[in-house]
Amino acid sequence: MSDQLLAIETTRLDAGHVRLRLTGELDYDTAPELTAAAADLHRDDEVLIDLTGISICDSSGLSALLVVQRSARVIRLTGVSPQLQRMLDRTGLAELLTVDHDDDLRATG
């Protein structure tokens, strides 16, 4: 079994569209990996972040999502668990981050 706590699969779908598929834990220990991935984004990118494979997300994970949001033109979250949706709602981040609840988005690519 791998010691890796977070896997990030980056796929450039076409010019200006990137998908980040996250698997594992997005927390204090792994959030820097997501912020590092954000450094490779272009300011005019539209980023789809697939969180289907995330088992844990804490406040550090939420902060990392904001870093990605500041690094790209638009971000959309998909695969958001009910627990993560509650965190987004309670912290007010649901107002800043677009959450797509369309299951078809997770199935693409």
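Glu-46 lies in strand β3. Its relative accessible area is 19%, so Glu-46 is buried, the cut-off being under 20%. This is a predicted model.

**The nonpolar core**
- The largest nonpolar core has 28 residues.
- Leu-22, Val-47, Ile-49, Leu-77 and Leu-88 have the most contacts inside this core.
- Strands β2 (17–26), β3 (46–57) and β4 (74–78) each give two or more residues to the core.
- Helices α1, α2 and α3 (82–91) also give two or more residues each.
- What does Ile-49 contact, leaving aside its neighbours within four places in sequence? Its partners are Leu-20, Leu-22, Leu-65, Val-68, Ile-75, Arg-76, Leu-77 and Thr-78.

**Helices α1 and α2**
- Helix α1 covers residues 31–38, and helix α2 covers residues 59–71.
- They pack at an angle of about 5°, with their axes 9 Å apart.
- Angles under 35 degrees count as roughly parallel, so α1 is roughly parallel to α2.
- From α1, the contact uses Ala-31, Leu-34, Thr-35 and Ala-38.
- From α2, the residues they meet are Ser-60, Gly-61, Ala-64, Leu-65, Val-67, Val-68 and Ser-71.
- Seven residues of this contact are nonpolar, four are polar and none is charged.

**Arg-12 in strand β1**
- Arg-12 lies in strand β1, which spans residues 6–14.
- Is Arg-12 buried or partly exposed? Its relative accessibility is 41%, so Arg-12 counts as partly exposed.
- Arg-12 touches His-17, Val-18, His-42 and Asp-45, not counting residues up to four places away in sequence.
- With Asp-45, the link is a polar contact between the two side chains, at 3.1 Å.
- Arg-12 and Leu-41 are 29 residues apart in sequence, and their C-alpha atoms are 9.9 Å apart in space.

**Ser-81 in a loop**
- Where does Ser-81 lie? Ser-81 sits in the loop between β4 and α3.
- Ser-81 counts as partly exposed because its relative accessibility is 25%.
- The Ser-81 side chain reaches the backbone nitrogen of Leu-84 at 3.1 Å.
- Ser-81 and Leu-51 are 30 residues apart in sequence, yet 8.0 Å apart in space, C-alpha to C-alpha.

Note on methods:
Residues are numbered from 1 along each chain as its sequence is written. This is a predicted model: local features need pLDDT of at least 70, side-chain atom pairs count only at pLDDT 80 or more; totals for chains, interfaces and linings use all residues. Side-chain values use heavy atoms; hydrogens and water are left out. Axes are lines fitted to C-alpha atoms, for helices over the stretch in contact, and angles run from 0 to 180 degrees between N-to-C directions. Helices (H or I, at least four residues) and strands (E, at least two) are DSSP runs, numbered from the N terminus. Angles under 35 degrees count as roughly parallel, over 145 as roughly antiparallel, 65 to 115 as roughly perpendicular and the rest as oblique. Contact means heavy atoms within 4.5 Å. Ala, Val, Leu, Ile, Met, Phe, Trp, Tyr, Cys and Pro count as nonpolar, Asp, Glu, Lys and Arg as charged, and the others, Gly among them, as polar. A nonpolar core is a set of buried Ala, Val, Leu, Ile, Met, Phe, Trp, Tyr and Cys residues joined through side-chain atoms within 4.5 Å. Buried means under 20% relative accessible area, exposed over 50%, partly exposed in between (1.4 Å probe, protein chains only). A polar contact is a pair of N or O atoms within 3.5 Å; within protein, one must be able to donate a hydrogen and the other to accept it, and residues adjacent in sequence count only if both atoms are side-chain atoms.
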